[in-house]
Amino acid sequence: MTPFFVQIKCQMGKSYEVANALADAEIASEIYSTAGHYDLLVKFYVDPSVDIGHFVNEKVQTIPGIQDTLTIITFKAF
């Protein structure tokens, strides 16, 4: 499985709705609320054959209440 992270900026007052929608969709491994420019940090795992860009575009960015995303692809866990 390929891990990656997405930072999510939510529309005002929608952070908990977005987090719950991600949890209900059962597509995220971990969901954290954060302070700063983004409201949520979400860890995903996909099969190596899955295109991460398409996954984020089709499964994540379509959730109501999401304003912006920043995808972080990692290389190695220590």
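In the largest nonpolar core, which has 18 residues, Ile 8, Leu 22 and Phe 44 touch the most other members; such a core is a set of buried Ala, Val, Leu, Ile, Met, Phe, Trp, Tyr and Cys residues joined through side-chain atoms within 4.5 Å. At least two residues of this core come from each of strand 1 (2-10), helix 1 (15-25), strand 3 (40-46) and helix 2 (52-60). In soluble globular proteins, nonpolar side chains tend to be buried together. Leu 22 illustrates the packing: leaving aside neighbours within four places in sequence, Leu 22 is in contact (heavy atoms within 4.5 Å) with Ile 8, Ile 27, Ala 28, Ile 31, Leu 40, Val 42, Phe 44 and Ile 63.

This is a predicted model, in which local features need pLDDT of at least 70 and side-chain atom pairs count only at pLDDT 80 or more, while totals for chains, interfaces and linings use all residues. Residues are numbered from 1 along each chain as its sequence is written, and side-chain values use heavy atoms, with hydrogens and water left out.

The chain contains 2 helices and 4 strands, arranged along the sequence as β-α-β-β-α-β; helices (H or I, at least four residues) and strands (E, at least two) are DSSP runs, numbered from the N terminus. Among contacts between residues at least 6 apart in sequence, 67% join residues at least 24 apart. The radius of gyration, taken over C-alpha atoms and compared with a globule rule of 2.2 Å times the number of residues to the power 0.38, is 12 Å, which agrees with the value near 12 Å for a compact globule of 78 residues. Along its principal axes, the C-alpha trace spans about 35 × 25 × 20 Å.

Of the 78 residues, 28% count as buried, where buried means under 20% relative accessible area, exposed over 50% and partly exposed in between (1.4 Å probe, protein chains only). Two residues outside the buried class are set out below.

Not counting residues up to four places away in sequence, Ile 72 touches Phe 4, Phe 5 and Gln 7. Ile 72 and Cys 10, by comparison, are 62 residues apart in sequence and 17 Å apart in space, C-alpha to C-alpha. Glu 26 has a phi near 55°, a positive value in a residue other than glycine.
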